[in-house]
Amino acid sequence: MKKLLFVLLLTLSLQAAAQDEKYQVTEGDYTNERVEMADAMRQSGKIYVVVAVVMTIFAAMVIYLVRLDKKVGKLEKELTAKQD
């Protein structure tokens, strides 16, 4: 009963927080030809800094996951060796 009441109240709160304003959609919104922030960053050369930071974070995550996988594999081998 508590779960049903929780879901009901959550649904009502989400509907109450929904936007009442409506924005007119234009043809330019569908073509998506202008991205002002990306254009400005490309012109000033900052986009390359953003790409470098994202790539560094991604590479660090991949290296961490590979090392973690090796450690877990090693522990699994030790565990199976002790059980035999």
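What percentage of the chain over residues 47-66 is helix, and how far apart are the end C-alpha atoms? Over this stretch the chain is 100% helix and 0% strand, with the end C-alpha atoms 29 Å apart. Residues 47-66 carry the annotation "transmembrane region" in an unreviewed UniProt entry; UniProt positions are given in the numbering used here, feature names are shortened, and annotations may be inferred rather than shown by experiment.

The structure is a predicted model, in which local features need pLDDT of at least 70, side-chain atom pairs count only at pLDDT 80 or more, and totals for chains, interfaces and linings use all residues. Residues are numbered from 1 along each chain as its sequence is written, and side-chain values use heavy atoms, with hydrogens and water left out. The mean pLDDT (the predictor's confidence in each residue, from 0 to 100) of the chain is 83, and 85% of the residues score at least 70. Confidence is lowest in helix α2 (residues 27-31), with a mean of 71, and highest in α4, at 94.

The chain contains four helices and zero strands, in the order α-α-α-α along the sequence. Helices (H or I, at least four residues) and strands (E, at least two) are DSSP runs, numbered from the N terminus. Helix α4 comprises 38 residues (46-83) and spans 56 Å from its first C-alpha to its last, close to the 56 Å expected at 1.5 Å a residue; the expected span is 1.5 Å times one less than the number of residues.

Of the 84 residues of the chain, 1% are buried, where buried means under 20% relative accessible area, exposed over 50%, and partly exposed in between (1.4 Å probe, protein chains only). The number of buried residues in α4 is zero. V62, located in helix α4, is partly exposed, at a relative accessible area of 37%. In helix α3 (residues 36-44) lies M37, which is exposed, with a relative accessible area of 62%. The C-alpha atoms of M37 and I47 are 9.8 Å apart in space, the two residues being ten apart in sequence.
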